[in-house]
Amino acid sequence: MQQILLVVTAIVAGLTLGHYTGGTSFSSLVCVVAGVFLVTPTLFKFDVADARVIGRNLPALWRNLAINFLVLPLAALVIGFASRDIGIAGALFLLALLPGGGMVMMWIKSSGANPKLGFMIFMANLALLLPVTLVFAQFYDLAAPYFPVPDLSAVTGNGAGRSVRPIAPFMILIVVPFLLSRLARGGAPGLIAFVERHQQLISKATMFGIVFYLFSLGTAQMLFTVEVMALVRAAVATAAFYGVAVTLASMLTPDTAEGRAVYWHVVTRYITLALILAVFSVDVFGPTFILPVMMAYFIQIGMAGVLRSRMIGRAVA
């Protein structure tokens, strides 16, 4: 509930600021902030020797890759096509390609899953960010003939660009945080200890700031131009996508510590990263592109709490 309130407050505050100021302009510094304050702390504990856990759990890794990068993207394409809105379809496809997320380790640790395996899967998913953005960069050109032309009349020219830029997110969100984490491990143990003590506060503050900023952008103000039926279609499509994710996770992951690590990487998406990447393409897909990502915050955070309670209850029983 606290996470939902935090996100709602950030969204409302950002939209309010953008509405009364005409919207702020995009800066790539938001990617730097996300990389330094969200990704880097998760890499402090990474040790190359920990990769041995992958060798002992290869079936779990392959299951994660198959579900998250084959089955769920196909499901997202089907649901997106059914929506008849290329903005909704593109957003669902992007969410499908970004499993896990900043909070996934919290759900893994608090539900009795294998944290080392969960972390290595998290690292493997992050390492795939470059091919993911390369694939998504081709989505509009390939899918556009099968959808009605999006309404771009509300585009204000404040968009970050005409497409996702694959190399920049990979460098800022993966390579730079990894190098910073190695420097900290080698010469700043006090900094690591401080961050670990206050990691939840740092993560919440960073997430609030990023969500607030992204929803204050001029592109985010396009939300005020969306029709009610588009909101309904986006809500139904996003809920259907998460329904498929939970169903697949329940059917295809065993109820073991290792299986639960994969489970959480299937039922959760890296929403904040999706929102950052969405800014690059909202002036291509139209205002409905933001809707599933925004709704994913509410669905995922509330759903994860319920799923964790059920998982712990089954384990106790």
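Helices in these legends are DSSP runs of at least four residues, numbered from the N terminus. The model shown is predicted.

**View 1. Arg-310 in helix H17.**
Arg-310 belongs to helix H17, which covers residues 290–316. Its relative accessible area is 55%, so Arg-310 is exposed, the cut-off for that class being over 50%. Ser-111 lies 199 residues away from Arg-310 in sequence, yet the two C-alpha atoms are 9.5 Å apart in space.

**View 2. The N-terminal end of helix H7.**
Asn-114 sits in the loop between helix H6 (104–110) and H7. With a relative accessibility of 16%, Asn-114 counts as buried. Asn-114 caps the N-terminal end of H7, where a side-chain oxygen of Asn-114 is 3.1 Å from the backbone nitrogen of Lys-116. A polar atom of the Asn-114 side chain also lies 3.1 Å from the backbone nitrogen of Leu-117.

**View 3. Helix H7 along its length.**
Helix H7 runs over residues 115–127. Its 13 residues should span 18 Å at 1.5 Å a residue, and the C-alpha atoms at its ends are 18 Å apart, so the two values agree. The buried residues of H7 are Leu-117, Gly-118, Phe-119, Met-120, Ile-121, Phe-122, Met-123, Asn-125 and Leu-126.

**View 4. Packing of helices H2 and H7.**
Two packed helices are described by the angle between their axes and the distance between the axes. Helix H2 (residues 29–43) packs with H7 at an angle of about 130°, and the axes are 11 Å apart. H2 is therefore oblique to H7. The crossing of H2 and H7 is left-handed.

**View 5. Asn-68 and its polar contacts.**
Asn-68 is part of helix H4. Its relative accessibility is 0%, so Asn-68 counts as buried. The side chain of Asn-68 makes a polar contact with the side chain of Arg-269 at 2.6 Å. The Asn-68 side chain also reaches the backbone oxygen of His-265, at 3.4 Å.

Arg-84 is found in the loop between helix H4 (58–83) and helix H5 (86–96). The phi angle of Arg-84 is near 60°, a positive value in a residue other than glycine. Arg-84 counts as partly exposed, at 38% relative accessibility.

**View 6. The salt bridge between Asp-255 and Arg-260.**
Side chains of opposite charge can pair when their charged atoms come close. The side chains of Asp-255 and Arg-260 form a salt bridge, with N to O at 2.9 Å. The count of salt bridges comes to one, under a cut-off of within 4 Å between a side-chain nitrogen of Lys or Arg and a carboxyl oxygen of Asp or Glu. Arg-260 has a relative accessibility of 13% and so counts as buried.

**View 7. Helix H15 and Phe-224.**
Helix H15 spans residues 271–279 and is mostly covered, with nine of its nine residues buried. Among them are Ile-271, Thr-272, Leu-273, Ala-274 and Val-279. Phe-224 is found in the loop between helix H12 (199–216) and helix H13 (228–252). The relative accessible area of Phe-224 is 48%, so Phe-224 is partly exposed. Phe-224 and Ala-274 are 50 residues apart along the chain, and their C-alpha atoms are separated by 20 Å.

Note on methods: Residues numbered from 1 in each chain as written. Predicted model: local features only at pLDDT ≥ 70, side-chain atom pairs only at ≥ 80, totals over all residues. Heavy atoms only, no water. Helix = DSSP H or I, 4+ residues; strand = E, 2+ residues; numbered from the N terminus. Expected span 1.5 Å × (residues − 1). Buried < 20%, exposed > 50% of the residue type's maximum accessible area, 1.4 Å probe, protein only. Polar contact = N/O pair within 3.5 Å; in protein donor to acceptor, adjacent residues only side chain to side chain. Axes fitted to C-alpha atoms, helices over the stretch in contact; angles between N-to-C directions. Parallel < 35°, antiparallel > 145°, perpendicular 65-115°, else oblique. Left-handed = near helix turned anticlockwise from the far one by under 90°.
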